[in-house]
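Subject: Structure for your review

Dear colleague,

Please find below the structure that I am handing over to you. My findings follow it, arranged by region.

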Amino acid sequence: MIQVINEGVLVRDGRPEISDDTSFRRGTMAWKILQAHNTSGDPMMLKLKFDAMVSPDNNYVNILQTARASGLERFPVPYVLSNCHNTLCAVGGTIAEDDHVFGLSNVRKYGGIFVPRFRAVLHQYMREMMAGGGKMILGSDSHTRYGALGTMGVGEGGGELVKQLLGQTYDLPYPHITGIKLTGKPKPGVGPMDVALELIAEIFGTPSAKNAVLEFFGDGVSELSMEYRMCIDAMTTESGALSSIWTTDEKTEEYLKQHGRASDYRKMEPEECAYYDSCIEINLSEAECMIALPFHPSNAVSIHEFNQNPEKYIREIEAEGNKAKGSSGKPFTLQHCLKDGGFYPDQALISGCEGGLPENLAAAADILDGVSIPADGLNLYANPASLPVMNDLMKQGVASRLAVSGVVLREAICGPCFGVTDTPADNHISIRHVTRNYMTREGSRPKDGQFSAVCLMDARSIAATVRNNGRLTAASDLDVIYTDYHPTFDASIYSGQVSDFRERREPDAELIYGPNIADWPVMQNLKKYLLLKVTGSYEGSVTTDELIPSGEASSWRSNPEKLSSFTLVNKDPSYAPACRELREQARQFNETGICSEEIMAQAEKIGCDLSEITIGSLVVSDMIGDGSSREQAASCQKVLGGFANLANEYATKRYRSNLINWGILPLETKEDVHLAKGTWAYIDTEELMSKGYGILHAEDREISVTAGRLSEEDKAILKAGCLINHYREKQEK
């Protein structure tokens with residue numbers, strides 16, 4: 001199905017040929033959009049300004065607090081605050097509605113757009129109301145992807161949104177552009193998640209994907225509906241890509257016209273000759289029904305392959321789960337899911353920006369017509385992506401057909417994907433049409449002995465599995481007559497329920513704080529020498545979900561100090577206490593000049609004046625940062641006194657950007673990174689900043705490190721200690 005060319009390609013009249021003629025970069029859609037938003041004057045060193053931004057309620061409070069502390073006066077571009085992630089109320093931490101009231105008061109004061117909860121998942125709202133040809137949208141959610149509508153969406157940490165709010169730019173070298181040529185037409189029963197999972201399994205972690213822009217073109221695009229394209233597009237995040245863009249056509253034009261935005265349509269396609277840094281050809285006719293096994297979307301196989309030997313795959317899932325769970329409680333087992341040579345999952349969900357689109361749910365209804373799901377069978381729950389989607393499903397009878405079959409339709413939220421709803425029981429496994437299936441993503445708590453897992457599948461095969469009495473089944477194996485579904489859209493739902501203060505902002509409006517919405521603590525600046533203690537040392541990949549879990553921890557999202565208690569809690573419960581102990585020593589040193597004998601001994605090794613030393617904690621691992629764009633993965637390290645990470649590789653640009661914006665040095669090395677916990681090390685930061693490389697002096701060895709490409713702005717932020725300090729210092733000058 002997929003052929004990858006991992007070298008430069010010139011696509012001429014749709015036919016790829018190997019070439020190094022980069023003069024034809026200008027022929028891509030990506031070049032045109034990026035240069036239209038580039039303010040640097042240098043086409044290869046981009047300084048981008050976006051047309052609009054969007055944030056969900058699990059991180060907009062932190063972003064607004066950071067921007068306010070940095071001198072925010074008004075929102076300079078349309079900024080949408082969506083309330084689709086947090087459904088936790090008075091459980092554990094901040095009451096969700098306190099955050100929503102705070103968000104609305106900011107929209108009123110600074111002039112933005114507020115989407116109340118249960119009206120829309122943020123990405124569906126942006127598709128329906130904001131995305132259009134030639135635009136760029138920045139979001140603080142990693143699945144900010146609107147390429148199918150001709151918009152390059154970028155998911156980043158909150159610091160990058162703060163920069164846009166303050167009139168600054170998004171800076172990066174011109175990215176790797178990967179052309180993706182689509183041919184053929186999917187077979188009945190093969191859905192967009194199936195195509196996406198095959199692609200992710202092929203390119204995750206490769207140069208074709210990592211921090212690249214994926215550009216979709218070819219005759220196969222016209223064979224796909226807009227929603228089919230959108231679902232593939234949303235999943236490109238899981239390949240590690242920076243962004244995506246698709247050719248547009250009459251289907252795109254009709255979608256925008258239907259949503260009252262005909263003027264936002266632009267005909268977009270590559271020129272007759274276009275250069276790509278790599279190229280992928282996908283024959284859609286050969287796509288199969290897929291299942292992504294725990295604990296990553298790239299861990300995907302065809303359902304047919306899985307069903308040939310389910311025992312083998314279940315043993316592999318159990319082994320990986322037990323390795324992570326360790327000795328907490330009884331072993332993780334899924335043996336109860338194996339019956340009569342087949343696999344029977346425990347839970348089924350179709351939800352959010354990926355699964356909750358009307359075509360997916362209409363296909364599920366077609367598959368389930370005439371089926372009555374028993375109470376003790378595999379129950380199916382669905383979250384449509386927006387209230388207009390729910391309205392359309394009801395008007396066209398799809399909702400009633402699903403209800404008659406026993407499918408429960410619920411509000412528009414990201415809960416099942418984000419891990420704050422629908423946690424499976426201990427030793428249970430869920431099949432879901434959502435975007436991500438990382439370990440603990442569904443909300444399990446391994447440190448407490450509770451452990452479960454998620455497989456990703458398309459809505460069609462999920463419905464086929466429910467129909468087949470819960471036995472894993474590929475939808476392509478069923479003989480189903482699919483309805484020719486044509487979604488409609490009623491704009492009055494938003495016009496009456498979404499608050500738009502762009503033209504009527506109230507500069508004197510008071511910001512309304514709930515009792516658990518807290519300011520950022522004081523952050524120390526970076527001095528000449530950085531003295532570090534290893535408080536976390538790990539092997540393999542450390543994901544953002546491990547750095548700060550998405551489940552119950554999110555209830556503390558608006559209180560930086562309390563949220564930081566959850567840092568690495570499921571991977572290493574000793575991490576946060578060790579950081580706090582070191583942070584207290586550093587605080588005493590900063591305030592009084594008095595330091596412990598341990599720190600004094602380390603300072604003597606450096607041989608400098610104590611006033612030249614900053615003390616902080618260090619995390620080391622082979623790779624750090626795969627997963628979400630959430631800035632808390634970095635800010636929580638900083639709140640605990642983190643000043644550097646050391647890795648062979650940072651999984652994404654967005655995580656590395658988060659580190660820099662929170663004043664954490666992103667140290668990289670080709671050498672062995674495995675320093676034992678408790679090890680002391682130091683580095684000359686002035687040398688590192690001026691040369692771009694330096695020596696990390698550890699107790700038993702010296703490690704050559706680099707901080708990667710740092711702009712002058714990056715260096716200024718790191719020296720100041722964080723983005724807040726940097727912009728505050730600018731104001732004071």
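Asp-249 is located in the loop that connects strand 13 (243–246) with helix 8 (250–258). Please bear in mind that this is a predicted model. Is Asp-249 buried or exposed? Its relative accessibility is 9%, and because buried means under 20%, Asp-249 counts as buried. Leaving aside residues up to four places away in sequence, Asp-249 touches Ser-222, Arg-229, Tyr-265 and Lys-267. Its side chain also reaches the backbone nitrogen of Lys-251, at 3.0 Å. Cys-636 lies 387 residues from Asp-249 along the chain, and the C-alpha atoms of these two residues are separated by 44 Å.

The next region concerns two helices. The axes of helix 22 (residues 632–639) and helix 23 (residues 653–661) come within 8 Å and cross at roughly 30 degrees. Angles under 35 degrees count as roughly parallel, so helix 22 is roughly parallel to helix 23. Ala-633, Ala-634 and Gln-637 make the contact on the side of helix 22, while Tyr-655, Asn-658 and Leu-659 make it on the side of helix 23. The crossing of the two helices is right-handed.

I turn now to helix 13 and helix 4. Within helix 13 (residues 387–395), the residues Pro-388, Val-389, Met-390, Asn-391, Asp-392 and Leu-393 are buried. What covers them? The cover includes helix 4 (122–129), helix 12 (358–368), helix 14 (398–405), strand 22 (408–409) and helix 17 (492–497). At the N-terminal end, helix 13 is capped by Ser-386, which has a side-chain oxygen 3.1 Å from the backbone nitrogen of Val-389. After helix 13 comes Gly-397, with a positive phi near 85 degrees.

Helix 4, named above as part of that cover, has buried residues of its own: Leu-122, His-123, Gln-124, Tyr-125, Met-126, Arg-127 and Glu-128. Because seven of its eight residues are buried, helix 4 is largely enclosed by the rest of the structure.

Three strands form an open sheet in the order 3-2-14, with antiparallel pairing. Strand 3 (15–18) and strand 14 (273–276) are the edge strands, each pairing on one side only. On average, neighbouring strands of this sheet are turned by 25 degrees against each other, direction ignored. Strand 2 (residues 9–12) runs antiparallel to strand 3 and is joined to it by four bridges. Val-11 stands opposite Pro-16 of strand 3.

Yours sincerely

Note on methods:
Residues are numbered from 1 along each chain as its sequence is written. This is a predicted model: local features need pLDDT of at least 70, side-chain atom pairs count only at pLDDT 80 or more; totals for chains, interfaces and linings use all residues. Side-chain values use heavy atoms; hydrogens and water are left out. Buried means under 20% relative accessible area, exposed over 50%, partly exposed in between (1.4 Å probe, protein chains only). Contact means heavy atoms within 4.5 Å. A polar contact is a pair of N or O atoms within 3.5 Å; within protein, one must be able to donate a hydrogen and the other to accept it, and residues adjacent in sequence count only if both atoms are side-chain atoms. Two strands pair if DSSP finds at least two bridges between them. Axes are lines fitted to C-alpha atoms, for helices over the stretch in contact, and angles run from 0 to 180 degrees between N-to-C directions. Angles under 35 degrees count as roughly parallel, over 145 as roughly antiparallel, 65 to 115 as roughly perpendicular and the rest as oblique. A crossing is left-handed if the near helix is turned anticlockwise from the far one by less than a right angle, and right-handed if clockwise.
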